[in-house]
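Student: I'd like a close look at one part of this model, the ligand site. Could you walk me through it once it's on screen?

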Amino acid sequence: KLENATAKAELGRASWKLFHTMMARFPEEPTADDSLALQTYIQLFARLYPCGDCAAHFRKLLQKYPPQTSSRNAAAGWACFVHNEVNKRLKKEQFDCSKIGDFYDCGCGEEDAKAAK
Ligand code: FAD
């Protein structure tokens with residue numbers, strides 16, 4: 001089957017959205033189990049990402065820049081950095097990672113407050 005660049009880009013945008021939003025909701029002070037869960041998620045994401053060529057490139061990036069999962073800031077900063085590495089390879093603009101704070105909002109509102117009670 002022919003490659004479909006539009007579908008590939010659409011998948012990429014949807015995936016990055018989930019990826020960064022997940023980092024933005026990762027605990028500020030994760031337990032060891034939280035950090036392990038995120039490590040495992042990232043490794044499986046890189047293994048199972050449906051565009052095989054993209055996944056292979058991404059696995060190389062993970063080897064060079066191991067996922068940072070010690071805190072929300074570390075994880076979000078790391079994800080922004082590796083996405084920028086992909087942007088570089090695809091000759092896209094660099095994203096200003098200092099702006100990542102309020103850019104990714106899951107829209108889940110009160111959920112955390114409820115869970116904490
Ligand atoms: P995207 O890169 O999809 O970004 C979406 C939005 O996220 C941007 O509009 C911007 O608002 C924001 N953003 C941009 N940079 C950052 C950042 N550093 N941190 C946080 N937010 C940011 N495509 C290929 O053709 N070849 C590949 O090898 C390839 N590998 C990929 C590997 C992975 C793991 C993923 C998830 C996607 C890959 N893609 C690949 C798809 C590619 O990265 C883009 O998603 C796609 O080309 C659409 O690009 P876009 O310009 O719409 O912006």
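Student: To get us going, how many Å is an oxygen atom of the ligand from an N or O atom in the side chain of Trp16?

Tutor: Keep in mind that this is a predicted model. The distance you're asking about comes out at 3.0 Å, from an N or O atom in the Trp16 side chain to an oxygen atom of the ligand. On its own, the ligand has 950 Å² of accessible area, and the protein covers 82% of that.

Now for the site as a whole. The ligand takes up the space of the largest pocket. In total, 24 residues surround the ligand, and the closest are Arg13, Cys80, His83, Arg89 and Tyr104. Sort that shell by class and you get 13 nonpolar residues, seven polar ones and four charged ones.

One last thing to look at is the disulfides. A disulfide is a covalent bond between the sulfur atoms of two cysteines. The structure holds three of them. One of these joins Cys51 to Cys54, with the sulfurs 2.1 Å apart. The Cys51 and Cys54 link is right-handed, with 75° about the S-S bond.

Definitions and conventions. Residues are numbered from 1 along each chain as its sequence is written. This is a predicted model: local features need pLDDT of at least 70, side-chain atom pairs count only at pLDDT 80 or more; totals for chains, interfaces and linings use all residues. Side-chain values use heavy atoms; hydrogens and water are left out. A residue is near a molecule or strand if one of its heavy atoms lies within 4 Å of it. A polar contact is a pair of N or O atoms within 3.5 Å; within protein, one must be able to donate a hydrogen and the other to accept it, and residues adjacent in sequence count only if both atoms are side-chain atoms. Accessible areas come from the Shrake-Rupley method with a 1.4 Å probe; for residues, only the protein chains shown count as cover. On a 1 Å grid over the protein atoms alone, a cavity is a set of points where a 1.4 Å probe fits but cannot get out, and a pocket is an open set with protein on both sides within 12 Å along at least five of seven lines; lining residues have an atom within 4 Å of a point. A molecule sits in a cavity or pocket if more than half of its atoms lie within 2 Å of its grid points. Ala, Val, Leu, Ile, Met, Phe, Trp, Tyr, Cys and Pro count as nonpolar, Asp, Glu, Lys and Arg as charged, and the others, Gly among them, as polar. A disulfide is a pair of cysteine sulfur atoms within 2.5 Å.
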